[in-house]
Amino acid sequence: MADIRIAIIGFGKIARDQHIPAIAADPAFALVAVATRAGAEDAGVPVYRDYREMLASIRPDAVAICTPPGPRHAIARYCLEAGADALLEKPPGATLGEVADLAALASRLGRSLFTTWHAQFNAPVARAAEVVAREGLRALRIEWLEDVEKWHPGQDWIWQAGGFGVFDAGINALSIATRLAPAPLLVRSAELVMEARGQQPAAARLEMACADANGRIEAHMDWRHKGQERWTIAIETGAGTRLLLSDGGAMLQINDDSPIAGGAGEYPALYARFAELVATRRSHIDTEPLRIVADTLLLARRILP
């Protein structure tokens, strides 16, 4: 029998496509309920429209909170206080302060809190991080280009205050970059192309710096891209080794060698880590990708539509 009875709060595409299969494949977990305002007849477990009702009725050991970032803080606080350990989809909150508040609450209550950055859990990312740790970092370039109408059709919330805009996807690239960098990435300049439908950027360019890295560290993110997605991070180490992470971190090419993949996938690895945290009553709090987005919004020059 699984040790951790888990419920999902928020049942959109990421919950259906990634969380459900990863939970089903991990013997440490048993999915016991879903809370969602939308339909979830195919979930195979009891479905509640209100997460508070679900917590009172089912009393899960843990929750995976997969809602948009806006309401996540209030939901996570309620779950932690109700006695459930919490896994937070990325980004872990709408602000750094929200995450700090949740971290303090989890510590006080003795609960496990996991701020997940799923792209970090691709095995090729870990392999690239090993090379950079050994050889140092000289330069890094992110290209994160996709079509928002393909991946977020009809989701107007992403353009509103707190919706993140292009950083909803681009923060995945930043999470990989922070995993690779030997020191904090500091935003030196940024340019945001704002979206006419709201208050968030549709595209972004960042210039960053990192201690001991004397080459360029930059990022280009664009949700106006048409055609094949381009989710790549090109790295040059201090020893001159060239690394190329592609497909969102699922593939790694070293110099001119053939690209390699590896591991069971990011979400199975993510849930394996959550099981460890719950078993040992620990938390894993990482706000660096969110901090870079916040710094960018403070420093950026904005190009209005």
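Here are a few notes on the cysteines and aromatic rings in this structure.

1. Keep in mind that this is a predicted model, where local features need pLDDT of at least 70, side-chain atom pairs count only at pLDDT 80 or more, and totals for chains, interfaces and linings use all residues. Residues are numbered from 1 along each chain as its sequence is written, and side-chain values use heavy atoms, with hydrogens and water left out.

2. C66 is buried at 10% relative accessibility, and C79 is buried at 0%; buried means under 20% relative accessible area, exposed over 50%, and partly exposed in between, with a 1.4 Å probe and protein chains only.

3. Aromatic pairs number seven. Rings of Phe, Tyr and Trp (its six-membered ring) pair if their centres lie within 6.5 Å, with planes under 30 degrees apart called stacked, over 60 edge-to-face and the rest tilted. F29 and Y271 have ring centres 5.3 Å apart and planes at 85°, so they meet edge-to-face. Since F29 is in strand 2 and Y271 in helix 8, the pair ties together parts 242 residues apart in sequence; helices (H or I, at least four residues) and strands (E, at least two) are DSSP runs, numbered from the N terminus. Both F29 and Y271 are buried.

4. F29 and Y271 also belong to one aromatic cluster with F114, F121 and F274.
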